[in-house]
Amino acid sequence: MVNYMAEPLVFHFEVDGDNFTSAGQASVQVKKNLRELGIDPETIRRVSIAMYEGEINMVIHAHGGVAEVIVSDESVEIILKDTGPGIPNIEQAMQEGFSTAPDNVRSLGFGAGMGLPNMKRYTDYMHIDSVVGVGTTITMKVNY
Amino acid sequence: MNTYIHSVSLDSSKCTGCTTCMKHCPTEAIRVRNGCAVIDSERCIDCGECIRNCPNNAKKSICNSFDEIKNYRYKIALPAPALMAQFDNLDNVGYVIQGLLDIGFDEVFEVAKAAELVSDYTRVYLQTEGIKKPVISTACPVVARLIALRFPFLKDNLLPLLPPMEVAAAMAKEEALKAHPELKREEICTCFISPCPAKVSYARNGFGSYKSAVDLVVSMSEIYLRLINVMNRDRNCDISSQSGRIGVSWAICGGEGSALLNDKILAADGINNVISVLDQIEDGNIPPIDFVELNACPGGCVGGVLTIENPYVAKNRLHTLRRYMPIALNSVPEDESYIPGEKFLPDMPSYKPLNRLSDSIGESMRLMAKIQALRRELPGIDCGSCGAPNCRAFAEDIVMGNADRNECIIAYKDLIRKYIREYDGGERDDSQ
């Protein structure tokens with residue numbers, strides 16, 4: 001018997017830049033879809049936290065971007081792609097509390113410098129690909 | 001098998017199949033089939049939005065009838081605090097208590113009284129080390145069920161204490177047994193006067209393995225009509241309220257929270273606001289808070305669909321009524337720094353994932369891929385004519401074998417247009 005593998009499912013989202021009202025919508029939708037698939041609650045929560053942080057980052061720093069969520073037999077993969085300013089020093093950006101968010105964003109309660117560290121904490125794999133002036137692509141994976 | 005007994009139901013003779021309720025249902029539990037609304041009882045959380053929005057009064061809540069109290073020897077009324085907010089110019093809760101005695105109850109135990117104790121216990125609980133915060137109130141049964149069905153990760157945040165209605169029922173019965181040793185337990189009934197269908201369902205189904213101590217639930221609107229006939233506010237009333245401000249304020253959004261005397265609280269009302277707050281808590285996207293009070297109805301319990309008065313008018317009346325009340329009349333004994341075991345819920349209901357497509361993830365993925373592909377072919381205007389609340393839900397219904405694609409009126413129109421074009425073309429062909 002050949003073990004039949006299901007085709008990975010791909011969800012695609014446009015993240016609207018500079019719009020805090022809609023920020024977080026993609027992660028709510030992903031959560032809904034994962035629930036329908038019967039993914040366990042802990043995995044859903046980890047995915048939605050990582051996704052939410054990523055979405056907010058794209059809104060704050062990069063005027064939005066695109067998010068792709070790929071659900072396969074063993075993991076949920078999140079790819080966040082933007083054409084923003086890029087991250088000059090990834091190691092520094094990964095430190096808790098380090099933030100380049102502007103004051104108007106901080107006054108809204110964002111920009112505490114926990115975005116990237118949280119994304120790393122809640123996922124099993126995280127890779128940042130960034131070129132200054134070109135954009136950033138973040139790939140994260142949460143295994144079941 | 002689903003064994004949950006719902007209070008929300010449909011009078012099919014009044015339903016016109018208009019899709020209004022279906023559009024307002026927060027859990028997409030309603031479909032219109034053969035010109036009539038159908039409720040999926042697994043998805044229904046008894047929030048009452050369909051009752052609130054039905055233009056034909058076809059949606060209703062099944063409660064006990066008031067006359068059922070006659071089957072018992074000793075009848076105890078448990079009025080929800082929201083009842084006190086239904087009367088114009090009421091300056092003493094005593095008139096309502098007297099009215100309840102006049103219409104046939106032997107005793108009145110205000111739920112507000114128990115609410116003050118629950119507030120005390122909640123304050124103690126919040127001091128417990130190692131509990132998951134924010135603690136989420138379980139007083140609104142809609143919210144409790146919603147979390148059990150849709151937010152399993154927040155289950156450990158639920159306040160594990162019995163809600164005021166249950167504490168009141170248990171206390172009232174014990175006290176009556178003590179005061180009237182001639183009575184047997186089954187001869188006493190506790191009758192909750194409810195602002196909403198969700199309390200009816202809670203009393204019937206319990207919560208987790210907990211069985212409700214409430215025997216009957218009668219709607220506030222039925223009791224109201226009887227009360228206004230007997231309430232005479234010209235005569236003197238020497239009965240006074242059994243609770244203070246804290247107790248009666250549980251009827252409005254923010255009441256339960258502010259009773260905790262803690263500023264790290266959040267209170268939300270309205271089912272859609274409740275859902276978005278829960279989503280935010282789940283995403284870890286809220287400021288550090290200790291307690292979350294969530295009310296499915298607008299304005300809190302005064303907004304329940306079985307109440308009479310507009311929730312905001314009711315709220316104003318409650319403010320007037322409580323103005324001269326003491327802060328609280330009930331509290332746990334000073335030396336009691338722990339919560340008695342019987343005030344705890346024994347457990348939480350097990351997670352029953354709402355909307356799961358299949359038991360196997362692989363199969364679910366295949367189904368969802370089909371749904372996504374189909375969804376892209378549908379018009380996407382979410383008109384509801386097919387009998388599903390939106391095109392995505394319709395696509396899901398088709399894939400799951402519960403709907404026929406030809407129900408889509410837009411697709412049908414395109415098909416007719418195509419036939420007409422072919423027919424016209426055919427005619428021209430003939431004439432040439």
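Two residues are in contact here if their C-beta atoms, placed from the backbone, lie within 7 Å. The model is predicted, so local features need pLDDT of at least 70 and side-chain atom pairs count only at pLDDT 80 or more, while totals for chains, interfaces and linings use all residues. Residues are numbered from 1 along each chain as its sequence is written, and chains are lettered from A and ligands numbered from 1 in the order in which they are written.

**Stop 1: between the chains**

Select chains A and B together. The contact takes 21 residues from chain A and 22 residues from chain B. On the chain A side, the elements giving two or more residues are α1 (25–37) and α2 (41–62) of chain A. Helices (H or I, at least four residues) and strands (E, at least two) are DSSP runs, numbered from the N terminus. The residues of this side of chain A divide into nine nonpolar, six polar and six charged. In this count Ala, Val, Leu, Ile, Met, Phe, Trp, Tyr, Cys and Pro are nonpolar, Asp, Glu, Lys and Arg are charged, and the others, Gly among them, are polar.

**Stop 2: chain B as a whole**

Chain B has 15 helices and 11 strands, and its C-alpha atoms fill a box of roughly 100 × 50 × 40 Å along the principal axes. Of its 432 residues, 48% count as buried. A residue is buried if 20 or more other C-beta atoms lie within 10 Å of its own, exposed if 12 or fewer, and partly exposed in between, with C-beta atoms placed from the backbone. Among contacts in chain B between residues at least 6 apart in sequence, 76% join residues at least 24 apart.

Colour chain B by domain: 1–62 is domain 1, 66–343 is domain 2 and 360–432 is domain 3. These bounds come from an automatic or database domain assignment.

**Stop 3: domain 1 against domain 2**

The C-alpha centres of domain 1 and domain 2 of chain B lie 25 Å apart. Across the boundary, 14 residues of domain 1 of chain B are in contact with 19 residues of domain 2 of chain B. Helix α2 (residues 49–53) of chain B gives the largest share of the domain 1 side, three residues. That side divides into seven nonpolar, four polar and three charged residues.

**Stop 4**

Strand β2 (residues 30–33) and strand β3 (residues 36–39) of chain B run antiparallel and are joined by four bridges; two strands pair if DSSP finds at least two bridges between them. Arg33(B) stands opposite Cys36(B) in β3(B). The hairpin has two residues between the strands, and there Asn34(B) takes a positive phi near 50°. Asn34(B) is exposed, with 8 other C-beta atoms within 10 Å.

Next pick Asn57(B), in the loop between α2 and β4 (59–61) of chain B. Asn57(B) is not a glycine, yet has a positive phi of about 55°. Asn57(B) is exposed, with 10 other C-beta atoms within 10 Å.

**Stop 5: helix α3 of chain B**

Select residues 94–102 of chain B. The buried residues of helix α3 are Tyr95(B), Val96(B), Ile97(B), Gln98(B), Gly99(B) and Leu100(B). Their cover includes β5 (74–79), β6 (107–108) and α8 (220–230) of chain B. After α3(B) comes Gly104(B), with a positive phi near 135°.

**Stop 6: a cis peptide and a lysine**

Zoom to Lys133(B) and Pro134(B), which are joined by a cis peptide bond with omega about 0°. Pro134(B) is in the loop between α4 (111–126) and β7 (135–136) of chain B.

Then go to Lys155(B), in the loop between α5 (141–150) and α6 (164–179) of chain B. Lys155(B) counts as partly exposed because it has 17 C-beta neighbours inside 10 Å. Not counting residues up to four places away in sequence, Lys155(B) touches Ile147(B), Ala148(B), Met348(B) and Tyr351(B).

**Stop 7: helix α13 of chain B**

End at residues 361–377 of chain B. Helix α13 has 17 residues and reaches 25 Å from its first C-alpha to its last, close to the 24 Å expected at 1.5 Å a residue; the expected span is 1.5 Å times one less than the number of residues. Ile361(B), Ser364(B), Met365(B), Met368(B) and Ile371(B) are buried in α13(B). They cover an arc of only 125° around the axis, so they are on the same side of α13(B). The arc is that of the directions from the helix axis to the C-beta atoms. On the other side of α13(B), Ala373(B) and Glu377(B) are exposed.

Bring chain A back. The buried residues of α13(B) pack against β1 (9–16), α1 and β2 (64–71) of chain A, together with α14 (391–399) of chain B.
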